[in-house]
Amino acid sequence: MKAAKNVIFWRDAQIADLEICQVSASKHVFPNHAHDGIYAVGMMMAGGAYCLGPEKSYSLVSPGQVALINPGQIHSGVPACGSQTYRMIYFNMKRMAAAAAEITGRPVAIPEFACMVVGDPLLWKRLQRLCRVIQGPAGRLEKETAVMDAMVHLVTHYGNVKPARTDSRREGIAIERARDYLSANLDRKVSLEDAAQEAGLSRYHFLRVFKRETGFSPHLFRTLRRIDRARQLLRKGLAPVQTALAVGFSDQSHFSNTFRKYTGATPGQYLSQS
């Protein structure tokens with residue numbers, strides 16, 4: 001049997017137990033099956049498919065809608081109109097349960113989606129961002145933030161998980177520590193867990209409070225500090241290649257594109273026009 005050319009899988013070594021699958025113009029019919037220990041979340045881009053077969057019309061997922069499949073839940077995948085183009089994200093059950101525990105502040109049962117097909121533009125946006133970040137040159141902090149944002153939306157909106165209350169006075173002090181930490185050692189790779197531990201908060205509460213206190217996600221805050229530092233180094237005469245490494249960009253193209261995004265010029269243009 002020939003391998004399908006319209007199916008691509010992504011796995012990232014920095015983000016364990018997460019997998020993305022993109023399928024283009026497929027007519028493949030999936031029989032009834034289930035995924036052990038995995039949440040399957042699908043975004044229908046074009047066409048459509050029945051998650052429980054044509055005889056159960058309520059299971060039709062159409063373009064712009066998201067399919068939510070629980071671990072062990074029996075489902076199928078029957079094209080509704082010839083072919084279908086979609087993305088699937090497979091979340092490990094333990095990862096999702098850990099996120100739910102951080103949100104509630106206590107151990108919880110495994111979250112269970114109550115709906116199989118939903119139309120939710122904000123969820124769609126977060127899932128698409130997750131795919132774009134995992135498939136691109138982003139760093140670990142940005143990738144982990146995108147994953148957590150998507151999981152939080154999934155379990156709080158569709159998994160019956162309620163956030164715990166926290167002490168806002170303590171949170172303000174914690175974020176100050178995190179800001180200092182993220183601004184230092186810009187050449188280092190920092191994980192979401194590293195930054196949250198520095199603040200003394202769970203990953204979920206850290207992301208929520210950091211955005212509230214600063215107006216930025218931790219990743220964007222750190223990116224802006226990197227660009228500020230890069231401008232300083234370039235003005236001191238450091239070459240763009242060395243500057244990129246000094247502020248934590250190992251990919252020169254990524255550095256150049258990010259620098260241009262926030263300054264309006266590439267590093268080379270910034271030097272030549274100074």
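Contact here means heavy atoms within 4.5 Å. On that basis, of the contacts in the protein chain between residues at least 6 apart in sequence, 71% join residues at least 24 apart. The model is predicted, so local features need pLDDT of at least 70 and side-chain atom pairs count only at pLDDT 80 or more, while totals for chains, interfaces and linings use all residues. Residues are numbered from 1 along each chain as its sequence is written, and side-chain values use heavy atoms, with hydrogens and water left out.

**Overall architecture**

- The protein chain contains 10 helices and 10 strands; these are DSSP runs numbered from the N terminus, helices being H or I of at least four residues and strands E of at least two.
- The C-alpha trace spans about 70 × 45 × 30 Å along its principal axes.
- Of the 274 residues in the protein chain, 45% are buried (buried is under 20% relative accessible area, exposed over 50%, and partly exposed in between, with a 1.4 Å probe and protein chains only).

**Nonpolar cores**

- A nonpolar core is a set of buried Ala, Val, Leu, Ile, Met, Phe, Trp, Tyr and Cys residues joined through side-chain atoms within 4.5 Å.
- The largest nonpolar core has 52 residues, of which Val 66, Ile 89, Phe 91, Leu 127, Leu 130, Leu 182 and Phe 206 touch the most other members.
- Helix H3 (residues 140–158) gives the most to this core, with 10 residues.
- Apart from this core lies another, of 14 residues, including Cys 21, Ala 49, Met 88 and Tyr 90.
- Leu 130, in helix H2 (residues 121–135), is buried at a relative accessible area of 0%.
- Not counting residues up to four places away in sequence, Leu 130 touches Leu 18, Ile 20, Ile 89, Phe 91, Ala 146, Val 147 and Ala 150.
- With the same exclusion, the residues touched by Leu 127 are Val 41, Met 43, Val 66, Ile 89, Phe 91 and Ala 150.

**Helix H5**

- Leu 192, Ala 195, Ala 196 and Ala 199 are buried in helix H5 (residues 192–199).
- These four cover an arc of only 95° around the axis, which puts them on the same side of H5; the arc is that of the directions from the helix axis to the C-beta atoms.

- Glu 102 belongs to helix H1 (residues 93–104) and counts as buried at 17% relative accessibility.
- Its side chain makes a polar contact of 2.7 Å with the side chain of Arg 203 (a pair of N or O atoms within 3.5 Å; within protein, one must be able to donate a hydrogen and the other to accept it, and residues adjacent in sequence count only if both atoms are side-chain atoms).

**Aromatic pairs**

- Rings of Phe, Tyr and Trp (its six-membered ring) pair if their centres lie within 6.5 Å; planes under 30 degrees apart count as stacked, over 60 as edge-to-face and the rest as tilted.
- By this rule there are six aromatic pairs.
- One of them joins Phe 259 and Tyr 270 edge-to-face, with 5.5 Å between centres and 75° between planes.
- Phe 259 lies in helix H9 (residues 252–263) and Tyr 270 in helix H10 (residues 267–272), so the pair ties together parts 11 residues apart in sequence.
- Phe 249, Phe 255, Phe 259 and Tyr 270 form one aromatic cluster.
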